[in-house]
Amino acid sequence: MKLTKADSNRTPAHIDRALTLEIVRVTEHGAIAAAYWRGKGDEKAADEAAVEAMGGELAKVQINGRIVIGEGERDEVDSLYIGEEVGAGTGAEVDIAVDPLEGVTLCAKNQPDSICVLALAERGGLLNVARNVYMHKIAIGPGYPEGLVHIERSPTENVTALAEAKGVPLSEITACVLDRPRHAALIDELRACGVAVKLISDGDIAGVIHAAQTEDTGIDIYLGSGGAPEGVLAAAALRCTGGQMQGKLILDTPEKRDRAQRMGIADPNRIYEVTDLASGDVLFAATGVTDGNMLTGVKLRRDSVETSTIVMRSWSQTIRWVNARHAR
């Protein structure tokens with residue numbers, strides 16, 4: 001893949017490429033721990049298992065890490081909280097965003113696309129947002145002119161522009177949208193245009209990534225609102241795969257606006273580009289918990305456990321799939 005000018009002019013020395021395998025081990029352990037809770041209807045237990053496993057593995061990684069997106073605030077959770085120092089205390093100073101179990105409901109119901117996710121960037125490279133904040137999002141894959149779609153244009157304008165750029169009728173465009181009541185008008189408008197809508201019940205990190213992998217998934221665009229932390233993690237993946245994304249925080253209470261200001265967000269109405277959400281040298285890893293379009297879920301064999309992971313780096317635009325067998 002072609003490097004952007006910003007990436008090609010950037011030295012990669014801030015992050016050792018050997019860390020790609022280290023973060024794979026972290027997401028693998030989180031996914032395996034969560035997999036034992038698939039289909040058992042206990043979202044909390046599945047999430048806690050993933051958190052504990054990831055925390056234990058992160059402690060072994062040779063980094064000076066700081067959690068900027070995690071499970072919550074220090075007084076809310078015991079591990080992987082915002083501001084927690086992680087790693088072995090040696091090596092690069094990095095910021096880390098984690099979602100130990102994206103799609104907790106999907107895991108509890110043993111439905112597709114539950115994943116364990118981690119992004120790592122040089123210090124200051126990931127937007128710091130609170131877990132309870134939502135974000136308006138729009139994302140498309142690589143190969144289109146910059147600014148082809150925009151978060152403040154109507155859905156009709158965006159899908160029309162995308163269809164024209166792709167050279168296909170609107171009936172051949174597929175949009176991915178979270179299946180939520182708040183998206184009813186959005187879904188109606190897309191269908192009125194003749195666009196196919198793929199509704200997902202959870203897991204909008206995977207949803208955004210799918211929109212950037214149209215040839216594999218058949219999804220052309222992601223639209224709608226979802227968690228802001230998930231938006232940052234998705235942006236980290238897009239930094240590695242290419243594609244366009246914009247996000248706008250939904251700071252709809254005084255408490256959220258105050259919290260955002262304390263976290264360094266000066267303009268509550270800012271529209272963030274993908275490089276604003278995840279900048280510098282970025283590593284991203286996701287391991288499948290349940291089977292999905294992107295990854296195979298954990299396979300629990302008699303004597304072994306098999307995992308499927310995608311790991312990516314923004315500077316080199318390298319994408320690797322790691323299929324591993326672990327002894328039980």
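V232 has its place in helix α9, where helices (H or I, at least four residues) and strands (E, at least two) are DSSP runs numbered from the N terminus. This is a predicted model, in which local features need pLDDT of at least 70 and side-chain atom pairs count only at pLDDT 80 or more, while totals for chains, interfaces and linings use all residues. Residues are numbered from 1 along each chain as its sequence is written, and side-chain values use heavy atoms, with hydrogens and water left out.

**V232 and its surroundings**

- V232 counts as buried because its relative accessibility is 0%; buried means under 20% relative accessible area, exposed over 50%, and partly exposed in between (1.4 Å probe, protein chains only).
- Leaving aside neighbours within four places in sequence, V232 is in contact with I69, L126, L127, V129 and L277, where contact means heavy atoms within 4.5 Å.
- L199 is 33 residues from V232 along the chain, and the C-alpha atoms of these two residues are separated by 21 Å.

**Two domains**

- The domain assignment gives domain 1 (18-126 + 281-327) and domain 2 (134-277); such bounds come from an automatic or database domain assignment.
- Between the C-alpha centres of domain 1 and domain 2 there are 23 Å.
- Across the two domains, 29 residues of domain 1 are in contact with 23 residues of domain 2.

**Nonpolar cores**

- The largest nonpolar core has 52 residues, and V129, Y222, M245, L249, L277 and F284 have the most contacts inside it. A nonpolar core is a set of buried Ala, Val, Leu, Ile, Met, Phe, Trp, Tyr and Cys residues joined through side-chain atoms within 4.5 Å.
- Helix α9 (residues 228-241) gives the largest share of this core, nine residues.
- Domain 1 and domain 2 both give residues to this core, so it lies between them.
- L249 is in contact with V129, V133, Y134, M135, A228, I265, P268 and Y272, leaving aside its neighbours within four places in sequence.
- A second, separate core has 33 residues, including A31, V51, M54 and V311.

**An enclosed helix**

- Helix α7 (residues 204-211) is largely enclosed by the rest of the structure, because eight of its eight residues are buried.
- The buried residues in α7 are D204, I205, A206, G207, V208, I209, H210 and A211.

**Partly exposed places**

- Y36, W37 and L300 form a nonpolar patch on the surface, with about 250 Å² of accessible area together.
- L300, in strand β12 (residues 299-300), counts as partly exposed because its relative accessibility is 33%.
- H136 sits in strand β5 (residues 134-140) and also counts as partly exposed, at 37% relative accessibility.
- H136 and K248 are 112 residues apart in sequence, with 5.1 Å between their C-alpha atoms in space.
- Not counting residues up to four places away in sequence, H136 touches I151, G224, S225, Q246, G247, K248 and I250.

**Loops with a positive phi**

- Most residues other than glycine have a negative phi.
- D113 has a phi near 75°, a positive value in a residue other than glycine; D113 lies in the loop between α4 (104-108) and β4 (115-122) and is buried, with a relative accessible area of 13%.
- Q317 has a positive phi near 55°; Q317 is found in the loop between β13 (304-313) and β14 (318-327) and counts as buried at 10% relative accessibility.

Key. Patches are made of residues with over 30% relative accessible area and no salt bridge: like charges are joined within 9 Å, nonpolar side chains (Val, Leu, Ile, Met, Phe, Trp, Tyr) within 5 Å. Accessible areas come from the Shrake-Rupley method with a 1.4 Å probe; for residues, only the protein chains shown count as cover. A salt bridge is a side-chain nitrogen of Lys or Arg within 4 Å of a carboxyl oxygen of Asp or Glu.
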